[in-house]
Amino acid sequence: MKTNIPERIAALREAMKQHKIDAYIIPTSDPHMSEYPADCWKYREWISGFTGSAGTVIITADKAGLWTDSRYFLQASTQLEGTGIELFKMMLPETPTIPEFLAHELEKGQTVGLNGETYSLAEARTLEKALAGKRVRMDGGFDPAEGVWSDRPPLSAAPVWAFDSGVTRREKLALLRQDMAARDAAYLLLTDLTDAAWTLELRGGDVACTPVFLGFLLLGREEAVLCAQAESFPEDIRRQLAADGVALRPYGDIYALLETLPAGTRVMADSATANARIAGCLAHTEWLDT
């Protein structure tokens with residue numbers, strides 16, 4: 001695998017050049033900020049060969065680095081050997097933070113790229129603030145996997161099953177709508193996979209170590225939409241969801257769905273688990289942090 005890393009980095013740099021991106025950030029995350037991303041989002045592992053559960057890769061035109069914590073110093077040193085990627089040991093006095101590194105490497109007016117679907121809103125805001133002095137532009141619309149990761153695994157669609165916690169789906173939806181009413185919110189967006197699984201009384205196998213399924217749940221005062229992999233849901237569960245007022249739509253539809261909400265709509269969402277693209281789609285609405 002190591003022998004392919006320089007070739008992969010070279011392919012990414014070529015794509016960056018075409019998109020006029022001067023530095024690209026690759027975190028360890030998925031669109032839900034899960035601790036254990038599904039295989040199709042393990043781009044940091046694919047581009048670096050580092051298999052630890054925490055780390056961030058940055059690629060520039062002439063440098064490549066991996067930031068990780070002390071749990072993985074030895075592992076990263078071994079796995080990065082021969083790849084051309086430098087190990088940055090986080091929390092040591094001599095190690096620059098990611099914003100400090102970018103501020104040093106980038107010229108005024110250059111562009112930092114990231115995949116808005118796998119970068120958290122909170123982290124994007126922090127980075128933007130840190131680089132404001134250099135007028136660095138943030139580009140969250142570039143997916144580095146396109147045209148580079150040719151054998152990328154497909155989106156997981158493991159079977160979903162029902163789970164009886166003793167509180168019904170309808171009861172949980174009613175409780176959440178009470179919270180929405182108390183804050184005069186028209187919608188509640190659940191981006192954390194455990195929140196969606198708890199609310200819908202369902203479990204799945206899309207993420208390692210956590211019995212959840214990939215999906216975004218948009219709850220309105222009367223209706224609800226679950227954007228998920230339809231093939232994961234047996235027919236009986238689809239019928240149960242429909243009976244409880246939950247419509248099933250394709251996983252990727254969440255972004256277009258949010259963009260169609262009327263301007264000024266009050267939407268409850270969690271900035272800690274919402275990705276940056278979600279935030280962009282809700283820019284015309286009034287965000288109520290949960």
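Biologist: In this predicted model, with which residues is Phe213 in contact, leaving aside its neighbours within four places in sequence?

Modeller: Phe213 is placed in the loop between β9 (202-203) and β10 (215-220). Leaving aside neighbours within four places in sequence, its contacts are Val160, Leu193, Ala196, Ala197, Leu200, Leu202, Arg203, Gly204, Asp206, Leu226 and Phe233.

Biologist: Does Phe213 count as buried or exposed?

Modeller: The cut-off for a buried residue is under 20% relative accessible area. Phe213 has 1% relative accessibility, and therefore counts as buried.

Biologist: How many Å apart in space are Phe213 and Ser232, C-alpha to C-alpha?

Modeller: In sequence, Phe213 and Ser232 are 19 residues apart. In space, their C-alpha to C-alpha separation is 8.3 Å.

Biologist: Why does Gln229 count as buried?

Modeller: Gln229 sits in the loop between β11 (224-228) and α8 (235-243). Beyond its neighbours within four places in sequence, Gln229 is in contact with Leu155, Ser156, Ala157, Leu214 and Tyr251. A residue is buried under 20% relative accessible area. Gln229 counts as buried because its relative accessibility is 14%.

Biologist: Which residues are the closest to the centre of the largest pocket?

Modeller: The largest pocket has a volume of about 630 Å³. Of the 25 residues that line this pocket, the closest to its centre are Pro27, Thr56, Met90, Ile98 and Glu123.

Biologist: Which element supplies the largest share of the lining of the largest pocket?

Modeller: At least two lining residues come from each of β3 (64-68), α4 (98-105) and α5 (121-130). The largest share, 3 residues, comes from α5.

Biologist: Among contacts between residues at least 6 apart in sequence, what percentage join residues at least 24 apart?

Modeller: The protein chain contains 10 helices and 14 strands, and 49% of its 290 residues count as buried. Among contacts between residues at least 6 apart in sequence, the share that joins residues at least 24 apart is 64%.

Biologist: What percentage of the accessible surface of the protein chain belongs to carbon and sulfur atoms?

Modeller: The accessible surface comes to about 13600 Å². Of this surface, the part that belongs to carbon and sulfur atoms is 52%.

Conventions
Residues numbered from 1 in each chain as written. Predicted model: local features only at pLDDT ≥ 70, side-chain atom pairs only at ≥ 80, totals over all residues. Heavy atoms only, no water. 1 Å grid on protein atoms, 1.4 Å probe; cavity = no way out; pocket = protein on both sides within 12 Å on 5 of 7 lines; lining within 4 Å. Points joined across faces, edges and corners; volume = space filled by probe spheres on them. Helix = DSSP H or I, 4+ residues; strand = E, 2+ residues; numbered from the N terminus. Buried < 20%, exposed > 50% of the residue type's maximum accessible area, 1.4 Å probe, protein only. Contact = heavy atoms within 4.5 Å. Areas by Shrake-Rupley, 256 points an atom, 1.4 Å probe, with all protein chains shown as cover.
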